[in-house]
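Visitor: I'd like to go over the open spaces in this protein. Can you walk me through them?

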Amino acid sequence: MSSELHFQTKAIHGASAPDRETGAILTPIYQSATFVQHEVGHEREYSYTRSDNPTVKSLELALGGLEGIPRAVAYATGMAALSSLFLSLLKAGDHIVCSASVYGGTLRVLRKVLEPLAIECSYCESTNPSAIADALQENTRLVFIETPSNPTLRLTDIAAVAARVHDHGALLAVDNTFLTSALQRPFELGADIVAYSTTKYIEGHNSTVGGALLAKCDEVTEKFLFNRNAIGFIQSPFDAWLTLRGLKTLPVRMKVHSENAQAIAEHLEGHDAVARVLYPGLESFKDSELAKRQHLGHGGMISFELKGGLEAGRALMENVKVCSLAESLGALETLITHPATMTQAEVPREERLRGGITDGLIRLSVGLENPSDIIQDLEQALRASGRE
Ligand SMILES: Cc1ncc(COP(=O)(O)O)c(C=O)c1O
């Protein structure tokens, strides 16, 4: 697809043309395990869905087109994508530097899967690019960051980190799940690899779990494809189709998620019961200058804490009616989550607290409802909890 098209147009038209046989405007769901071959020794492009599938490939071309690279690699889940990233690029004796502020599941796979395979992992606060530089070792092959981070919304300066990592001859991977390429372009800032849980904003409708990796260098993409086939991590055709459909509205959704979150963050910040609000679009946000420089919009994720601490937070989460108390993020419905007992439950408490995930921290994934309904819902839940 031509690179002069705007982002919104590419999101809708992707890499797919109407089906040659039928004219179907959407890529069909090729729900088939195997593909019949013409003759022995001359395989068609597709042979077996664990290796490659036309619907999955259509999603991969569309995702790649949005970030200016030939092809993404799509996975069954975000964690399958991250596991494939680590297993494709690291072997026993290698070292990875991971930001301490990342999704708890990422820390779990590094600690419980990679470290027992003799892959050395260091964790450091990537908000300070010098801390990353200090953690690099002679055997460091990969640096992994997540910005904004889940759930503390800490930002890492991608360009500053990329310069240090490249001076060292290692690769930089960025988990861009929170903002997506609609609002942040890690490749343009120097990243080598971009990772997604497509479960979140990319598919955007709470209908699938999925993941994707994109690499600037074709050789790295080949490694991902090899490993995906070898281990069997591929996304299912139906989930790829739903994700392709979700991708078409990504720019529009991200714009409204950002507008709604800004309105709700500003309201919460002015509320008597609220102790602090973390949202990159607020002037009070610690890294608001970096946010303005690095983001094209600030997305739909807010974290906040009530003056009444954990008890007040629990009462709020149990009294909401429009918001849903649930894991996950990035879809149409506003979800409210308690990171300490839900998404980061496996991270030891001391480490959690060091990373800013206090017991009373609440994470809000702002959906596409009218934001005044969400504000009213939060207000009534605060009243019902008797804490206002
Ligand atoms: C930033 C981030 N990366 C990766 C993942 C893992 O994705 P999945 O749940 O699709 O496996 C998550 C899940 O919450 C996430 O928030």
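This is a predicted model: local features need pLDDT of at least 70, side-chain atom pairs count only at pLDDT 80 or more; totals for chains, interfaces and linings use all residues.

Visitor: Which residues are around the ligand?

Guide: The shell holds T77, G78, M79, Y103, E146, N150, D175, T177, S197, T199, K200 and G210.

Visitor: How do the residues of that shell divide into nonpolar, polar and charged?

Guide: The shell around the ligand has 2 nonpolar, 7 polar and 3 charged residues.

Visitor: What lies 2.9 Å from an oxygen atom of the ligand?

Guide: That is a backbone N or O atom of G78. A polar backbone atom of M79 is 2.8 Å from a ligand oxygen. T199 uses its side chain: an N or O atom there is 2.6 Å from an oxygen atom of the ligand.

Visitor: How much of the ligand does the protein bury?

Guide: The protein buries 91% of the 390 Å² that the ligand exposes when taken alone.

Visitor: And which pocket does the ligand sit in?

Guide: The ligand sits in the second largest pocket. That pocket has a volume of about 370 Å³.

Visitor: What lines the second largest pocket?

Guide: Its lining has 22 residues, and M79, Y103, N150, S197 and K200 lie nearest the centre. By type, the lining of the second largest pocket has 8 nonpolar, 9 polar and 5 charged residues.

Visitor: Which element gives the most to that lining?

Guide: α3 does, with 3 residues. Both α3 (78-89) and β6 (193-197) supply at least two residues each to the lining of the second largest pocket.

Visitor: Switching topic. How much space lies in the largest pocket?

Guide: About 500 Å³. The largest pocket is lined by 16 residues, and the closest to its centre are D19, R20, T27, Y30 and P54.

Visitor: How does the lining of the largest pocket divide by residue type?

Guide: Into 8 nonpolar, 3 polar and 5 charged.

Visitor: Which residues line the largest cavity?

Guide: S16, I25, L26, T27, W241, L244, R245 and K248 line the largest cavity. They divide into 4 nonpolar, 2 polar and 2 charged. T27 also turned up among the residues closest to the centre of the largest pocket.

How values were computed:
Residues are numbered from 1 along each chain as its sequence is written. Side-chain values use heavy atoms; hydrogens and water are left out. A residue is near a molecule or strand if one of its heavy atoms lies within 4 Å of it. A polar contact is a pair of N or O atoms within 3.5 Å; within protein, one must be able to donate a hydrogen and the other to accept it, and residues adjacent in sequence count only if both atoms are side-chain atoms. Accessible areas come from the Shrake-Rupley method with a 1.4 Å probe; for residues, only the protein chains shown count as cover. On a 1 Å grid over the protein atoms alone, a cavity is a set of points where a 1.4 Å probe fits but cannot get out, and a pocket is an open set with protein on both sides within 12 Å along at least five of seven lines; lining residues have an atom within 4 Å of a point. A molecule sits in a cavity or pocket if more than half of its atoms lie within 2 Å of its grid points. Ala, Val, Leu, Ile, Met, Phe, Trp, Tyr, Cys and Pro count as nonpolar, Asp, Glu, Lys and Arg as charged, and the others, Gly among them, as polar. Grid points are joined across faces, edges and corners, and a volume is the space filled by probe spheres set on the points. Helices (H or I, at least four residues) and strands (E, at least two) are DSSP runs, numbered from the N terminus.
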